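Biologist: Please show me the model. I want to know what stands behind each term.

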Protein chains: 2
Amino acid sequence: VLKRLESLNRRTISTSDISRALKLDPTQVRKDLSYTGVVGKPRVGYNLQDLQRCIQSFLGWDKLSRACLVGVGHLGTALLGYDRFNEYGICFAAAFDTDPAKVGCLVHDREVRHLDELPEMAQNLDIRLGILTVPASVAQEVADLMVKAGIQAIWNFTPISLNLEDGIIVEKAQIYASLAVLSRRLEARIS
Amino acid sequence: VLKRLESLNRRTISTSDISRALKLDPTQVRKDLSYTGVVGKPRVGYNLQDLQRCIQSFLGWDKLSRACLVGVGHLGTALLGYDRFNEYGICFAAAFDTDPAKVGCLVHDREVRHLDELPEMAQNLDIRLGILTVPASVAQEVADLMVKAGIQAIWNFTPISLNLEDGIIVEKAQIYASLAVLSRRLEARIS
């Protein structure tokens, strides 16, 4: 919302603008934004650039974390092709697979490496984030390999609940949770 | 978790088993499960099959909703290839694109149709759910077309906040929200 308004040369935005655009409760929006440390002006709202800067800094999106992706299937390929991850503080440093048909190929201009190279590359390139898009059957094994290689955070796109040592950050991409909410709402409508 | 335990021939499961496996608060698990109407036995827990049946029925996963997907890029292809959506109450009835290179092709054994065919097919096949995996620039336009064709719920994988008439169920696949949580946790760790 903020980026769109900026492209329209808007300078300020109010909590009510945001809550209307996102269909959220204004009180909640105000409360959430206060966590970022941004300060607005009564009856004017927030300076658009200040607000963006505060949100980005709160989320760590102003510093790039190096990430690797393991599992260059359709989902992995879709993620590698998304050219705006850098706006979200992520840069892809490497992509891995074990399929001989994929290793050595370019996917979105990035060479797919063999998974065996992960430990060395993760250390050399200071990769902190691993994106897990492998089949469920090898998810735990590959996650263990990531942790051994020094990766501190895993973005888990598999349906598996990973069992990892304390201190490793694991965030599940909530695709199925989102589907559950959707089908529940559709079900409640019909019945 | 329940499916894995069932495959191991377990008959019952307790709230503490579930909360441990999913790293959730047991009180919250008990409260959430009570919404499904399932009844457990003190000191024993829930019958595994009863619990699965109650959750599936609560979520509407015991009835299949016909879905169509629009936008057969990498993400769309990944979703079409996921062979377990029927366990989540969804069956793919059709896939659409506008790219002449894709229309007519088989993707995971499903013929890609031209988007122009959506209105007729949605009505003939009683499609209630639309999965939106198109580029952001055409998201609103395609969503409008879905609604005109009688589709009641949209699972939105684009980063766009759709503007649709009241009563249409829209669920955003929270991929970027999940990424925001992850990068915030990584940022909090580092700084």
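**Helix contacts and chain symmetry**

Modeller: In H2(B), Thr15(B), Ile18(B) and Ser19(B) meet Pro26(B), Val29(B), Arg30(B) and Leu33(B) of H3(B); contact means heavy atoms within 4.5 Å. By class, this contact of H2(B) with H3(B) has four nonpolar, two polar and one charged residues. This is a predicted model, in which local features need pLDDT of at least 70, side-chain atom pairs count only at pLDDT 80 or more, and totals for chains, interfaces and linings use all residues. Residues are numbered from 1 along each chain as its sequence is written, chains are lettered from A and ligands numbered from 1 in the order written, and side-chain values use heavy atoms, without hydrogens and water.

Biologist: Why are H2(B) and H3(B) called roughly perpendicular?

Modeller: Their axes cross at roughly 115° and come within 9 Å. Roughly perpendicular covers 65 to 115 degrees. The two helices are therefore roughly perpendicular to each other.

Biologist: Why is Gln28(B) called partly exposed?

Modeller: Gln28(B) has a relative accessible area of 39%. Buried is under 20%, exposed is over 50%, and partly exposed lies in between (1.4 Å probe, protein chains only). So Gln28(B) is partly exposed. Gln28(B) sits in helix H3 (residues 26-34) of chain B.

Biologist: What makes the two copies related as by a two-fold rotation axis?

Modeller: A rotation of 180° with 0.0 Å of shift along its axis superposes chain B on chain A, with RMSD 0.0 Å. The two copies are thus related as by a two-fold rotation axis. The same surface serves both: 98% of the contact residues of chain B recur in chain A.

Definitions and conventions. Helix = DSSP H or I, 4+ residues; strand = E, 2+ residues; numbered from the N terminus. Axes fitted to C-alpha atoms, helices over the stretch in contact; angles between N-to-C directions. Parallel < 35°, antiparallel > 145°, perpendicular 65-115°, else oblique. Nonpolar A, V, L, I, M, F, W, Y, C, P; charged D, E, K, R; others polar. Least-squares fit on C-alpha atoms with pLDDT ≥ 70 in both.
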